[in-house]
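Welcome! Please have a look at it first, and then read on.

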Amino acid sequence: MVRGRVPTVIRNEGDAVREVIDTPIRGQYDTIVCGGGVAGAAAAAAAAREGARVLLIEKSVVLGGLATNGLISYYEPICTGTGKKFMTGIVEELFRLAICYGPDTLPAEWKGLPEEAAGEARCASVFSPALFAMALDKWLLEAGVEILLDTWVVQTLGEGREVEGVVVENKTGRSAYLAKTVIDTTGDADLFFRKGLPSVTGINYLSYVAYVTDQKQMQEGIDSENPLKGKRWVNPGSNLWGKGHPEGYPTMSGVTAEEVTKFVLDGRAALFEKVAGQDRFSRDVIAIPTMAQFRKTRRIQGRYTLSEEDCGKHFEDSIGVATDFYYRDRLYELPAGILFHDDCPNLFTAGRTVSADGWAWDVTRVIPVAVATGQAAGVMAALRAKEGIEANEDGIRKIQEALKGQGVRLHIK
Ligand SMILES: Cc1cc2nc3c(=O)[nH]c(=O)nc-3n(C[C@H](O)[C@H](O)[C@H](O)COP(=O)(O)OP(=O)(O)OC[C@H]3O[C@@H](n4cnc5c(N)ncnc54)[C@H](O)[C@@H]3O)c2cc1C
C-alpha cells in the first residue's frame, strides 16, 4: 500500500483557512513561461533561441490556447492591407506552421507568403486547430523548450521586487520551480494580479464559437477540395461589437470562476438549444471549445499603455510591429514598456494581456500580434536571465539587436 504525503497544515479560522505548506522545489530555469497559448509558445521558443533554459507550463493538455482549444482558428492578417507583408519573425513562422500540415484559406495572391501581392485581399487564413496544436508540440520541443502540461501555475514566488519562480499544482501535487525571469501568458494576467501589480479588466459579450457540419457543408468541402470548407463556425452569442448578445444578458470580465462557468454553460446551452431539436442525421457538431472564449479579461497596466493615438507613431524602444486586423494601413510600433511594470522588472507579459487600451487592446490581442509580443517577451526575459540586460536606454539596443537577429521588424519605416 502507498500513502500520499500530506505536508500541509490546514486550519479553519472561521472566515478564512490558514495553510502552512512545505512545497518541494522541483526545478530551476532561466525563464518560466506560464500559459501555452500562441503568445506563450512564441515567448518560450524565442527565449530558448537566445540560449535560455526554458520551462513552458500549460494548464490544459493541448498547446495553442484560444487558437486551438478555443477553436479561434483564423490567423488575422500579417500584411499592411495595402499589399505588403508587414509582420515578420515568429509571427510569420507560426503562420506558416499553422497552415503547413493542414488546409488553408489563404487568398491565391498570398500563397507562399510573398513580400507583396496585388489586389485587395489580406494575408490571413483559417487553419486546422488540431494540426496546429500537434505542430506546436514538435516545434517547441525542437526549439529545446521543456513542457509541463496539465499544470496550473498558482502564483509567483518571492516577496521582494523581483519574482523568484512559480508555484504550481498538478497531478504530482504542489511544487515550486525557480526562475530568473517569468513570463505571464495566462491570457488573464493572473500572475501580475496575484502579485498585486496594477491591472485593468475588460468586458465581453457572450461568445460560444463551435464547429458544425451538415450534408451541404460536407459537399462544399468536397467540391472546393478543401476540408476546411466542409465545416463552419456557428456562434449563438455575439460578434466583437455585441451584435447577437442576448437582450438583458450581462457583459462579463471573465476573471472569476463563477463568471467563467456561467459564460461557458450559457453559451453551450444556447448552442444545444439551437441544434438539439434538429434531425440528428442532418448535421453534426464537430467540435466545441474547451476554453472560455473571452476576448479581453484582464491586462496589465505597464510602464507604457498603447492607445489608438499611437497608430503610426515611431517608438525608439519598439520591440515589434502590429497591423490592424480590421482597418487597412493602420500600423503600430510596440514599445517595450507594454510588456512589464517597473515595480517587478523580471516579470513580463505578452499576448492579450499587454498594456494597451481601447481599440489598441483589440489590435494587440489577435493571434499575430500576440505572437509578436510573445517573441519580444521571450527575448527580453532570456537576455535578462542570462546577461542581466534590462529594458533601459543601454539594454534596449541589445534587446532590439537580438530581436532583429530573430528576424523581427522593429519599425514601420
Ligand atoms: C470569440 C473570439 C474570436 C476571436 N477571433 C479571432 C480571429 O478571428 N483571429 C485572431 O487572430 N484572433 C481572434 N481572437 C483573439 C485570439 O484568439 C486571442 O486573443 C489569442 O489567441 C490570445 O492568445 P494568448 O496566448 O495571449 O492567450 P490564450 O490563447 O488565452 O492562452 C493562454 C493560455 O494560458 C493557459 N493558462 C491560463 N491560466 C493558466 C495558469 N494559471 N497556469 C497554466 N496555464 C494557464 C490557458 O490554458 C491557455 O492555453 C478571438 C478571440 C475570441 C475570444
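Let us begin with a sheet: three strands form an open, antiparallel sheet in the order β13-β12-β14. Please keep in mind that this is a predicted model.

- The edge strands are β13 and β14, the latter spanning residues 283-287, and each of them pairs on one side only.
- From one strand to the next, the twist averages 45 degrees.
- Strand β12 covers residues 210-214 and runs antiparallel to β14, with four bridges joining the two.
- If you want a spot to look at here, find Asp214, which stands opposite Arg283 in β14.
- Helix α5, made of residues 215-224, lies across β12 and β13. Its direction is at about 90 degrees to β12.

**An aromatic cluster**

- The structure holds 13 aromatic pairs.
- One of them joins Trp241 and Tyr326: the ring centres are 4.9 Å apart and the planes stand at 55 degrees, so this pair is tilted.
- That pair links distant parts of the chain, 85 residues apart. Trp241 sits in the loop between β13 (232-234) and α6 (257-276), while Tyr326 sits in the loop between β16 (318-323) and β17 (331-335).
- Trp241 also pairs with Trp359, with ring centres 6.4 Å apart. Here the planes are at 20 degrees, under the 30-degree limit, so the pair is stacked.
- Together, Trp241, Phe325, Tyr326, Tyr327 and Trp359 form one aromatic cluster.

- Trp241 has a relative accessibility of 48%, so it counts as partly exposed.
- Tyr326 is also partly exposed, at 45% relative accessibility.
- Trp359 is buried: its relative accessible area is 13%, and the cut-off for buried is under 20%.

**Charges over rings**

- Arg53 lies over the face of Tyr29, at 4.3 Å from the ring centre.
- Arg299 has its charged end over the ring of Trp361, 5.6 Å from the centre of that ring.

Conventions
Residues are numbered from 1 along each chain as its sequence is written. This is a predicted model: local features need pLDDT of at least 70, side-chain atom pairs count only at pLDDT 80 or more; totals for chains, interfaces and linings use all residues. Side-chain values use heavy atoms; hydrogens and water are left out. Rings of Phe, Tyr and Trp (its six-membered ring) pair if their centres lie within 6.5 Å; planes under 30 degrees apart count as stacked, over 60 as edge-to-face and the rest as tilted. Buried means under 20% relative accessible area, exposed over 50%, partly exposed in between (1.4 Å probe, protein chains only). A charge sits over a ring if NZ of Lys or CZ of Arg is within 6 Å of the ring centre and within 35 degrees of the ring normal. Two strands pair if DSSP finds at least two bridges between them. Axes are lines fitted to C-alpha atoms, for helices over the stretch in contact, and angles run from 0 to 180 degrees between N-to-C directions. Contact means heavy atoms within 4.5 Å.
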